[in-house]
Amino acid sequence: MHPRTTITPQLRDWILTTTRDGHSVTEVLRLMKDNGYDPRQSRSIVAEVLKLPLAALNAPAPGALPRGLRTRHPEAPEVDVEGHLVGISLSVENPALRVLENLLDAEECDELIALAQPRLKRALTVASDGSNQVDQRRTSEGMFFTLNELPLVGRIEQRLATLLGMPVSHGEGLQILHYLPGQEYEPHFDWFDPQQPGYDTITAVGGQRVASVVMYLNTPAQGGGTAFPELGLTVTARRGAAVYFAYEGGDQQSLHAGLPVQRGEKWIATKWLRERPYGHSHTT
């Protein structure tokens with residue numbers, strides 16, 4: 001037995017690697033038990049490493065769904081996605097974060113903006129009860145495409161699916177957002193809080209969010225980057241590039257904000273990924 005256990009770098013790396021390879025938390029806990037770790041201590045260790053609420057690692061209720069899929073993190077220096085080279089210019093491990101260069105080409109950026117412009121409305125956020133709401137923290141305009149709504153949308157969704165090892169069906173619809181000078185999205189998390197009353201409604205289809213991709217469709221004249229306050233990091237908004245980050249529910253390191261545009265305007269496309277299938281492709 002291991003009566004007193006320090007989370008060594010080796011143990012931390014093993015837990016992260018094992019879960020990224022597709023093994024469930026239950027399997028990780030079983031393997032630790034087989035190797036002499038006290039089950040209660042193991043749950044505390046795994047909860048800390050994966051940034052999960054400890055309650056989430058207790059024995060699941062009858063009929064509870066198993067842990068779903070997780071994304072694959074692209075590795076530097078570049079990834080060939082069916083002939084489209086995506087560069088990785090920055091890598092962070094906690095949380096898993098990558099700055100992706102040339103994810104979209106100039107023509108794709110311009111076409112997304114043109115397609116979205118006529119459909120823009122005040123951007124909404126998800127309320128604690130699962131409904132959509134106007135939120136003063138988010139002052140942009142936006143719209144959603146359904147999955148595979150247009151050939152361009154389908155091509156981008158498939159590129160992300162191949163790059164991140166996550167089926168297209170696990171993605172929410174591609175959202176386009178437009179920010180003018182002074183507009184921003186204050187610090188927030190993309191994952192859903194299990195303690196909120198609307199959690200079961202929000203996650204009934206698709207489960208928890210596990211990763212986000214923010215794609216920059218233009219380069220603002222000044223400002224408009226994506227800040228990660230817990231990391232002391234700001235990713236510059238540059239046309240065609242993107243920031244990808246993965247997380248678990250409760251991960252405080254994934255706190256992020258869309259900084260105010262100071263001059264010019266900002267256009268972004270956002271893709272949120274779920275642990276289980278969320279939607280079906282649009283057919284015509």
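I113 is buried, at a relative accessible area of 13% (buried means under 20%, exposed over 50% and partly exposed in between, with a 1.4 Å probe and protein chains only). Keep in mind that this is a predicted model, where local features need pLDDT of at least 70, side-chain atom pairs count only at pLDDT 80 or more, and totals for chains, interfaces and linings use all residues. Residues are numbered from 1 along each chain as its sequence is written, and side-chain values use heavy atoms, with hydrogens and water left out.

**The chain overall**

- The chain has six helices and 17 strands; these are DSSP runs numbered from the N terminus, with helices being H or I over at least four residues and strands being E over at least two.
- Out of 284 residues, 50% count as buried.
- Take the contacts in the chain with a separation of 6 or more: residues 24 or more positions apart account for 73% of them. Contact here means heavy atoms within 4.5 Å.

**I113 and its surroundings**

- I113 sits in helix α4.
- Setting aside neighbours within four places in sequence, I113 is in contact with L217 and W267.
- I113 and H178 are 65 residues apart in sequence, yet their C-alpha atoms are 8.9 Å apart in space.

- Some background first: two packed helices are described by the angle between their axes and the distance between the axes.
- In this model, axes are lines fitted to C-alpha atoms, for helices over the stretch in contact, and angles run from 0 to 180 degrees between N-to-C directions.
- For α1 (residues 9-20) and α2, the axes come within 10 Å and cross at roughly 140°. The two helices are therefore oblique to each other (under 35 degrees counts as roughly parallel, over 145 as roughly antiparallel, 65 to 115 as roughly perpendicular and the rest as oblique).
- The α1/α2 crossing is right-handed: a crossing is right-handed if the near helix is turned clockwise from the far one by less than a right angle, and left-handed if anticlockwise.
- On the α1 side of that contact are L11, W14, I15, T18 and T19, while α2 brings V28, L31 and M32.
- By type, the α1/α2 contact has six nonpolar residues, two polar and no charged. Ala, Val, Leu, Ile, Met, Phe, Trp, Tyr, Cys and Pro count as nonpolar, Asp, Glu, Lys and Arg as charged, and the others, Gly among them, as polar.
- Helix α2 (residues 25-34) also meets α3 (residues 39-50), with axes that come within 10 Å and cross at roughly 135°. That makes α2 oblique to α3, and the crossing is right-handed.
- V25, V28, L29, M32 and K33 of α2 make this contact with P39, S42, R43, I45, V46 and L50 of α3. Those residues split into eight nonpolar, one polar and two charged.
- The axes of α1 and α3 are 10 Å apart, at an angle of about 75°, which makes α1 roughly perpendicular to α3.
- Here L11, R12, I15, L16 and T19 in α1 meet I45, V46, E48, V49 and L50 in α3; the tally is seven nonpolar, one polar and two charged.

**Backbone spots to check**

- As a rule, most residues other than glycine have a negative phi, and most peptide bonds are trans.
- A76 and P77 are joined by a cis peptide bond with omega of about 5°. P77 lies in the loop between α3 and β1 (78-81).
- N94 and P95 are also joined by a cis peptide bond, with omega of about 0°. P95 lies in the loop between β2 (84-93) and β3 (96-101).
- N102 has a positive phi, near 60°, in a residue other than glycine. This residue belongs to the loop between β3 and α4 (106-116), and N102 counts as partly exposed at 38% relative accessibility.
- N148 isn't a glycine either, but its phi is positive at about 55°. N148 lies in the loop between β7 (141-144) and α5 (151-164) and counts as partly exposed, at 33% relative accessibility.
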